[in-house]
Amino acid sequence: MIRLRLLWRKSLNAIMLSLTGVAAFAVVSVLFLILGYLLLHGGKSLSWDFFTKLPKPVGESGGGMANAILGSLKLLLLAAVMGLPVGLLAGVYLAEFGGKTFSFVIRYTTDLLNGVPSIVIGIFAYSLVVLPVKHFSTLAGGVALAMMVIPITVRSTEEFLRAVPGSLREGAMALGASKWKTIATVILPAASGGIMTGMLLALARVAGETAPLLFTAFSNRFWSPGWGQPAASLPVMIYTYAIAPYDDWHRQAWAAGLVLLMLVLLANLGCRLALNRRGSARSA
Amino acid sequence: MASATHGKNLTSSFAPHVRMTDPSTTASEKEAPVRFQISKLDFFYGPKQAIFGVNLKIPANRVTALIGPSGCGKSTFLRTLNRMNEIIRNTRVEGEILLDGQDILQMDVVGLRRRVGMVFQRPNPFPKSIYENVAYGLRINGYKGRLDDLVEHSLRRAALWEEVKDYLKKSAFALSGGQQQRLCIARALAVDPEVLLLDEPCSALDPVTTAKIEELMFQLKDSCTLAIVTHNMQQAARASDFTAFMLDGKLIEHSETSKLFTTPTDPRTEAYITGRFG
């Protein structure tokens, strides 16, 4: 009887261990499957031209997506400039200043904003920026992406600030630092690594957004000088090229997907390396 | 204005301290001026009263120890002296706390905390270099002089200079716990406070390091007034000139350390120091 129980316990242990292991393996393999698939299909069409040339007119093969790569970078820059400071400051407010009720309202609203479908954000940015001037623009796309960056930044900033031990706050205030000085000179630097990672994840998340750009930045087969004209972006290009009936365009869509994923991975890696180096320089 | 007085304090701290404490004279023989005079102090966390009508004088250039069981209000009491409790929402102080005759509740809190420094239970160095930790208080107070000299002076006063002088740019986290605590003392000393409050500064440290801190307190008496909260009665007996015993938010007994530990007047004090409770 006892032996049976022991056997049951041991097998239950083995079953649960393998279940969690399989799930963990599935998570990792999804990323590698996507990466492998993209490499397989997009790697072939990836050439120097892809990064330097404009798209060719319909019917001609070859050409590249230089305008879409630059367009995506410009959109991300706008989203970062408009979204990150607002998200950061709101996160500081929530973690350091907010009272009970008001903080609850902000936090709840932020979570709701985070859950708003990206296409709805696109429509909102459309009516806010596109309709008044009556044409699509990089600016409108940047506004849409910034609206998605804000809630993610707010919550990650708040979490990392809350994780800073209260003893640091007391230490600074006991030396006569005001609350704002304490936050600016001790709390924010202590949490800076996490906050920056959170910001980068927010940007990586919106880098692949297509829906909010469809009727804000729209698309463009040529360069888009300045901020006031329709601009191509990698996700929208992938969408356009993938649903087109040409084999060459399909290959280019795969290549664009690969480039987009690589950009996000590289930015992530670069940020982590920079943070690590700074961290080790501090503790060396 | 504030920075002017600050500068004066800093120069005065460089003057050699001629007032030496003769070990043969006890505290009572040399009557020290009163630095802190606390009268009828009540303290409330929301509706809950934590301190009841405490009257206490903290003499200048002496070490005053606060002892008592956990939750007796000794830390809360210490934290009212530099108004650190104001960080906690919904707290209230009643009564009078005079620092050199001035009511601290009417003072600018930044100026008060510069005059009354604090060292906490757990070492809490900032995630910065050793140098920047010590310079922090000077920087935020807008000190525009030569930081290097003051950093060295403060580290020397905290008996840490010899151990860290070649590693000033390294992270404070690379130091051991005892070194971190002395760094926190140096950080507090950098702004040249008149009073140093120590909230169980040795409870996270080993005995050897504890001895170092006690030795340090003895040296600091020349230039500073010290008030220390401690759980360790031997520490209070060894390192302090005066001892105050608190119980349930009330001050039970306060006298010279030698007297309190040998001939306590209150039976509760005797019960506590002989280890019958607490």
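The legends below describe close-up views of a predicted model.

**View 1. The largest nonpolar core and the residues at its centre of contacts.** This core holds 149 residues, and the members that touch the most other members are A:A79, A:V149, A:L203 and A:A256. Helix α6 of chain A, which spans residues 138–162, supplies the largest share of the core, namely 14 residues.

**View 2. The surroundings of A:V149.** When residues up to four places away in sequence are left out of the count, A:V149 touches A:A79, A:G83, A:L84 and A:G87, and it also touches A:A202, A:L203 and A:V206. Two of these partners, A:A79 and A:L203, are named together with A:V149 among the core residues that touch the most other members.

**View 3. An open sheet of four strands in chain B.** The strands of this sheet follow the order β2-β1-β4-β5, and their pairing is antiparallel. Because β2 (48–59) and β5 (102–103) of chain B each have a single partner strand, they stand at the edges, and one side of each is left without a neighbour in the sheet. Strand β4 of chain B, residues 91–99, is joined to β5(B) over two bridges in the antiparallel sense, and within this pair B:L98 stands opposite B:D103.

**View 4. The hairpin of β9(B) and β10(B).** Strand β9 of chain B (residues 242–247) and strand β10 of chain B (residues 250–256) run antiparallel and are joined by six bridges, with B:F245 standing opposite B:E253 of β10(B). Two residues lie between the strands of this hairpin, in which B:D248 takes a positive phi near 50°.

Technical notes:
Residues are numbered from 1 along each chain as its sequence is written. Chains are lettered from A and ligands numbered from 1 in the order in which they are written. This is a predicted model: local features need pLDDT of at least 70, side-chain atom pairs count only at pLDDT 80 or more; totals for chains, interfaces and linings use all residues. A nonpolar core is a set of buried Ala, Val, Leu, Ile, Met, Phe, Trp, Tyr and Cys residues joined through C-beta atoms within 7 Å. A residue is buried if 20 or more other C-beta atoms lie within 10 Å of its own, exposed if 12 or fewer, and partly exposed in between; C-beta atoms are placed from the backbone. Two residues are in contact if their C-beta atoms, placed from the backbone, lie within 7 Å. Two strands pair if DSSP finds at least two bridges between them.
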